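Biologist: I am new to this structure. Could you show me how to read its contacts, one kind at a time?

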Amino acid sequence: MRVLATSGPLVVRLAVSEEEVHAAQRLRYTVFYEEMAATPSAEMATARRDFDRYDEFCDHLLVIDEAAETRDARVVGTYRLLRHAVAKQHGGFYSADEYDLAPLLKKAAEGLSLMELGRSCVARPYRTNATIQLLWRGITGYMFEHGVDVMFGCASLAGTDPDNLALPLSFLHHEFLAPADWRVRALDARYVPMDRMPKEEVDLKTALNALPPLIKGYLRLGAHIGDGAVVDYQFGTTDVFIILPVDRIPERYYSHFDREGVAARSRG
């Protein structure tokens, strides 16, 4: 197994066994269903794992605490990664249930390599900037290894009443809406307008503070936002679409990586 990044006792690498995937699913269950009060299926509640059909063919990025006392406590962070080449073999991307991905698929037809990010979470005691940075170092290493050009996926704001989220949704729409040729749009049946306040009424500082850390992190990396939000009643969230072309990521985020070395390993 190849380690993508380390920090003290924490290592980042891909899951290499069904047992490790189950550990990631148990962590997801704890965060999504016990802390955030999402609604599990009966099968999930019995197994105490969050799972769906995509887990079988996605790569699962793990943060592992090698100093943990028990095996169950070892997986403390996770991200689910789905490359376009894999998605095409298994019926498409998870986010296509909420958004029309046609603009991104057109980019893929023009030669860009796509990767969907999802199901991210970190165990409560490990929710620090250091752990988040470690996850992103892992994603970056994976991205270089597979030649990814565009990352995307849904990100969530807590709550299912868009009117209560008018400030952050309007801020994202007015300040970060994707250019027309990148503008993924929520499916008509699920489309929720995001421009709920006029641009001049949006207090930028207050709106930024109202965003979850994950979305703020994507924006710092140069992400665009798709057109329209989607209410996810199962998870108790309102989702927005993140589009992150790799060439928009600031160079300073690559300072830890030997990109030529990674490219050479991926060709070998």
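Modeller: Gladly. Keep in mind that this is a predicted model. Start with a charged contact: the side chains of Asp 227 and Arg 185 meet in a salt bridge, at 3.5 Å from N to O. Asp 227 sits in the loop between strand 9 (224-225) and strand 10, while Arg 185 belongs to strand 8 (residues 185-186). The pair links distant parts of the chain, 42 residues apart.

Biologist: What is the general idea behind such a contact?

Modeller: Side chains of opposite charge can pair when their charged atoms come close. Arg 185 has another partner here. Asp 188 also forms a salt bridge with Arg 185, and the closest N and O atoms are 2.8 Å apart.

Biologist: Is Asp 227 buried or exposed? And Asp 188, buried or exposed?

Modeller: Asp 227 has a relative accessible area of 15%, so Asp 227 counts as buried. Asp 188 is at 66%, so Asp 188 counts as exposed. Arg 185 is partly exposed, at 34%.

Biologist: Which ring does Arg 185 lie over?

Modeller: Arg 185 lies over the face of Tyr 191, at 4.0 Å from the ring centre. Arg 80 does likewise with Tyr 94, at 5.5 Å from the ring centre.

Biologist: How many salt bridges are there?

Modeller: The count comes to 15 salt bridges. One of them joins Arg 28 and Asp 55, with the closest N and O atoms 2.9 Å apart. Arg 28 lies in helix 1 and Asp 55 in the loop between helix 2 (42-47) and strand 3 (59-65), so this pair ties together parts that are 27 residues apart in sequence. Both Arg 28 and Asp 55 are buried.

Biologist: Which residues are linked with Arg 28 in a network of salt bridges?

Modeller: The network links Arg 28 with Asp 50, Asp 52, Asp 55, Arg 80 and Arg 119. Arg 80 is the residue that lies over the face of Tyr 94.

Biologist: Now the rings. How do I read a pair of them?

Modeller: A pair of aromatic rings is described by the distance of the centres and the angle of the planes. A search of the whole structure finds 11 aromatic pairs. Phe 32 and Phe 235 form an edge-to-face pair, 5.8 Å centre to centre, with 80° between the planes. Phe 32 lies in helix 1 (residues 18-35) and Phe 235 in the loop between strand 10 (230-232) and strand 11 (237-245), so the pair ties together parts that are 203 residues apart in sequence. Phe 32 and Phe 235 are buried.

Biologist: Please show me a stacked pair.

Modeller: Take Phe 152 and Phe 241. They are stacked, 5.8 Å centre to centre, with 25° between the planes. Phe 152 is in strand 7 (residues 150-158) and Phe 241 in strand 11, 89 residues apart. Phe 152 and Phe 241 are buried.

Biologist: Last, how do I find empty space?

Modeller: Rolling a probe the size of a water molecule over the atoms shows where empty space is left. This structure holds one cavity of 30 Å³ or more. The largest cavity has a volume of about 40 Å³.

Biologist: Which strand gives the most to its lining?

Modeller: Strand 7 gives the most to the lining of the largest cavity, with five residues. Strand 11 supplies at least two. Among the lining residues are Phe 152, Leu 117, Tyr 218 and Ile 242. By class, the lining has eight nonpolar, one polar and no charged residues.

Definitions and conventions:
Residues numbered from 1 in each chain as written. Predicted model: local features only at pLDDT ≥ 70, side-chain atom pairs only at ≥ 80, totals over all residues. Heavy atoms only, no water. Phe/Tyr/Trp six-rings, centres within 6.5 Å; stacked < 30°, edge-to-face > 60°. Helix = DSSP H or I, 4+ residues; strand = E, 2+ residues; numbered from the N terminus. Buried < 20%, exposed > 50% of the residue type's maximum accessible area, 1.4 Å probe, protein only. Lys NZ or Arg CZ within 6 Å of the ring centre and 35° of its normal. Salt bridge = Lys/Arg side-chain N within 4 Å of Asp/Glu carboxyl O. 1 Å grid on protein atoms, 1.4 Å probe; cavity = no way out; pocket = protein on both sides within 12 Å on 5 of 7 lines; lining within 4 Å. Points joined across faces, edges and corners; volume = space filled by probe spheres on them. Nonpolar A, V, L, I, M, F, W, Y, C, P; charged D, E, K, R; others polar.
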